[in-house]
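Here is a short briefing on one helix pair and the charged side-chain pairs of this chain. Have a look at the model first, and then we can go through it together.

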Amino acid sequence: MWLQTESSTAWTPEAISDTPGSDQICESVKWAMTRSRFLESPLADRNYRRLFTAQVIALLGTGLSTVALALLAYDMAGGGAGIVLGTALALKMVAYVGIAPIVGGFAHRLPRRFLLVSLDIARAAIMACLPFVTEVWQVYVLIFLLNSCAAGFTPTFQATIPDIVTYESRYTKALSLSRLAYDLENLLSPALAAALLVVVPYDALFTGNAMAFLASAGFVLSVRLPRAQPSDRDVGVWTNISFGVRAYLKTPRLRGLLALSVVVACSGAMVIVNTVVYIRDRLGGSETDTAIAFAATGLGSMIVALTLPHVLPRFPDRSFMLIGGALSATGLFLGLTGPGFVPFLLIWLCLGAGSSLIQVPVGRLLRRSAKGTDRPAYFAAQFALTHGCWLLAYPLAGWTAGMFGYETAFAVLAGVSVVATLVAARVWPREDPSELEHRHGALDHVHNHVHDEHHQHDHDGWEGPEPHRHPHRHAPIRHKHSFVIDGHHWQWPGTPR
């Protein structure tokens, strides 16, 4: 029986601690509260749980192959290993920027499970070839193909999650778990690789990654994904390829997100490119000190990822993301002080926290800004545009530090981050309602459609079941609803044409 004291409004273990049989009742209520918290977690959903497992396994395998690729480059090029890795990294970014919009533009026409499983199997096959390469150019070709598959897989996978985790609070927690998965991969994969290299040669790590991709494909195959909604975007090849980027850039909040992605790229590039050299050359530190510095960035990111889901629903996403931009810029400016080891760790902790404040809410913004059938295109645009930011930030961080010193690199990247944060605050309106009043002019066109609020017209009987395709006319209308850029809304209300 549920017991309640006079002064209490909710039944808790503390409220009944003095009642007869309170021990048993407390245990029952603790179990009920634990179960309630679990049901609030996205992991309570079987489909999401399996997809998350697939993501973790694939990330872990990718972390192993990153270590193996560095060793392979050294074996093949010796002192020129840095050139090989740098070229491979550039090819990775080119694949991300160039391939993601192409796959995103046509992902709505393909069965998502088939697409994801096929790309996982392709990645496994490519990874299995790496132990047998004998020439550097072969490494370049395989890395480009591998990351071309990743450029199709990752945004499609990310766009699938909102269709499975439909409640906002759960989805926010799912985004936090995804951020944690990336951070844990950065922390655990190098340690696991080091342990495995004691007993196996490094090329076995490529085989391990291939097996991880196959395991990921198995988990995805075991999930029943929701059927994709019919799309009204039935247009030419170039329009489909470019749709995601064009729609993304027409959405004010996403333009703000892109500006903040520049901040993430600047702080992340500084960490990835210059940590080793700064620790070893400037501070005279060891390999262990370098690992601790990378771990500090991961720790900052994880702290935010664990905390943000509890407070994000109470405040606008814009506030946290702008705070993240300001925190990252501040951390970079603090680098001008020529920090010793402990201050350096604190700065790197700030950079990790700032990046996570920006990155965790990204999925919420994309889900809010796109209708279901267009999500793969929007997520692909985000993937391509943000990696374009990284493609610029990597050489900026490396060249300025190498040619003009670390203080100059900190100053330049901090300055870019400040400007990008101010741009985000300017282009992303403080008042950002989902529903906007807008007007449609008269329009005649042809596309696949269902009879929703935009399609109310008569038929002659030959058109067939919905969704169907036939010439139809849209009468002029002025109305208000949740607004996104799509086939019927090509201009944000209030913006110049």
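In which helix do Arg 123 and Asp 120 both lie, and how many residues apart are they? Both lie in helix α4 (residues 112-129), three residues apart, about one turn of the helix. Please keep in mind that this is a predicted model, in which local features need pLDDT of at least 70 and side-chain atom pairs count only at pLDDT 80 or more, while totals for chains, interfaces and linings use all residues. Residues are numbered from 1 along each chain as its sequence is written, and side-chain values use heavy atoms, with hydrogens and water left out.

**Salt bridges**

- A salt bridge here is a side-chain nitrogen of Lys or Arg within 4 Å of a carboxyl oxygen of Asp or Glu, and by this rule the count comes to three.
- Arg 123 pairs with Asp 120 in one of them, with 2.8 Å between the closest N and O atoms.
- Arg 123 is buried at 6% relative accessibility, and Asp 120 is buried at 0% (buried means under 20% relative accessible area, exposed over 50%, partly exposed in between, with a 1.4 Å probe and protein chains only).
- Glu 407 and Arg 282 form another salt bridge, at 3.1 Å from N to O. This pair links distant parts of the chain, 125 residues apart, with Glu 407 in helix α15 (residues 406-427) and Arg 282 in helix α9 (residues 252-282).
- Glu 407 counts as partly exposed at 29% relative accessibility, and Arg 282 counts as partly exposed at 38%.
- Arg 364 and Asp 317 also meet in a salt bridge, at 3.1 Å from N to O. Here the pair joins distant parts of the chain 47 residues apart: Arg 364 lies in helix α13 (residues 362-369) and Asp 317 in helix α11 (residues 317-334).
- Arg 364 is buried, with a relative accessible area of 10%, and Asp 317 is buried at 10% relative accessibility.

**The α5 and α14 pair**

- Helices are DSSP runs (H or I, at least four residues), numbered from the N terminus.
- The axes of α5 (residues 136-164) and α14 (residues 375-404) come within 8 Å and cross at roughly 130 degrees. The axes are lines fitted to C-alpha atoms over the stretch in contact, and angles run from 0 to 180 degrees between N-to-C directions.
- The two helices, α5 and α14, are therefore oblique to each other (under 35 degrees counts as roughly parallel, over 145 as roughly antiparallel, 65 to 115 as roughly perpendicular and the rest as oblique).
- Contact means heavy atoms within 4.5 Å, and the contact residues include Ala 150, Thr 154 and Gln 158 of α5 and Arg 375, Phe 379 and Phe 383 of α14.
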